Amino acid sequence: MCYSHLQSSSTYIEIYSRVLAEWVIESLEKEEDNFIGLDKVIADLNGNGSYFLNVFNNKGVDLGILRLRKGETDTQLPHPVNEVYFVVEGNGFIEMEGKLKPVKRADFIFVPADVHHRFIVGNQDLVVIYFFSS
């Protein structure tokens, strides 16, 4: 085998390796869009200037988080789809169609489509994850 052939083979291997590495990195970046930690979500929420943050909203399901601090008002309007909430921490109430129901850490709450609802903070910040189909 001549030296020029070896050199050209190693060039192809180097180019192939570079392309393969770029593909792996791009794939990992895409995969990472499917995973996010609660600490990162809270940090993003802290930086966005709102009391809620949509986390996933393009995968057939919408998922987000809301945090209400004492004195803040939940201004959400009814949604055209069923919605599920999960209380991550805190306590307070959910008002549904004018009726107050207490909520606390680890509660799941189902809200049917088009029902007027809002959260009211108790004596601790209320952090709630929401899910609905898009």
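At 38% relative accessibility, does Arg-69 count as buried, partly exposed or exposed? Arg-69 counts as partly exposed at that value. The model examined here is predicted.

Arg-69 takes part in a salt bridge with Asp-125, with 3.3 Å from N to O. Arg-69 sits in the loop between β2 (61-68) and β3, while Asp-125 sits in the loop between β7 and β8 (126-133), so the contact ties together parts that are 56 residues apart in sequence. Asp-125 is also partly exposed, as its relative accessible area is 30%.

The whole structure contains four salt bridges. Another of them joins Arg-118 to Glu-95. Their closest N and O atoms are 2.8 Å apart. Arg-118 belongs to strand β7 and Glu-95 to strand β4 (residues 91-96), so this bridge ties together parts that are 23 residues apart in sequence. Relative accessibility is 32% for Arg-118, which counts as partly exposed. Glu-95, at 22%, also counts as partly exposed. A further salt bridge pairs Lys-104 with Asp-107. Here the closest N and O atoms are 3.2 Å apart. Asp-107 has 19% relative accessibility and therefore counts as buried, the limit being under 20%.

Aromatic rings were examined next. Three aromatic pairs are present. In one of them, the rings of Tyr-85 and Phe-119 have centres 4.9 Å apart. Their planes meet at 80°, so the arrangement is edge-to-face, a class that requires over 60 degrees. Tyr-85 comes from strand β3 (residues 83-89) and Phe-119 from strand β7 (residues 117-121), so the pair ties together parts that are 34 residues apart in sequence. Both Tyr-85 and Phe-119 are buried. Tyr-130 and Phe-132 make up another aromatic pair. This one is stacked, with 6.2 Å from centre to centre and 15° between the planes. Tyr-130 counts as buried at 6% relative accessibility. Phe-132 counts as buried at 17%.

The largest nonpolar core has 17 residues. Leu-66, Tyr-85, Ile-109 and Phe-119 have the most contacts inside this core. Strands β2, β3, β4, β6 (108-111), β7 and β8 each contribute at least two of its residues. The largest share is four residues, and it comes from β8. A second core is separate and has nine residues, among them Leu-53, Leu-63, Ile-65 and Val-127.

The surroundings of Tyr-85 were then listed, leaving out residues up to four places away in sequence. Its contacts include Leu-66, Ile-109, Val-111, Phe-119, Val-128, Ile-129 and Tyr-130. Gln-76, His-79, Asp-107 and His-117 are also among the residues that Tyr-85 touches.

Together with Val-84, Phe-110 and Phe-131, Phe-108 makes a nonpolar surface patch of about 400 Å². Phe-110 has 48% relative accessibility and counts as partly exposed.

Methods. Residues are numbered from 1 along each chain as its sequence is written. This is a predicted model: local features need pLDDT of at least 70, side-chain atom pairs count only at pLDDT 80 or more; totals for chains, interfaces and linings use all residues. Side-chain values use heavy atoms; hydrogens and water are left out. Rings of Phe, Tyr and Trp (its six-membered ring) pair if their centres lie within 6.5 Å; planes under 30 degrees apart count as stacked, over 60 as edge-to-face and the rest as tilted. Buried means under 20% relative accessible area, exposed over 50%, partly exposed in between (1.4 Å probe, protein chains only). A salt bridge is a side-chain nitrogen of Lys or Arg within 4 Å of a carboxyl oxygen of Asp or Glu. A nonpolar core is a set of buried Ala, Val, Leu, Ile, Met, Phe, Trp, Tyr and Cys residues joined through side-chain atoms within 4.5 Å. Contact means heavy atoms within 4.5 Å. Patches are made of residues with over 30% relative accessible area and no salt bridge: like charges are joined within 9 Å, nonpolar side chains (Val, Leu, Ile, Met, Phe, Trp, Tyr) within 5 Å. Accessible areas come from the Shrake-Rupley method with a 1.4 Å probe; for residues, only the protein chains shown count as cover.
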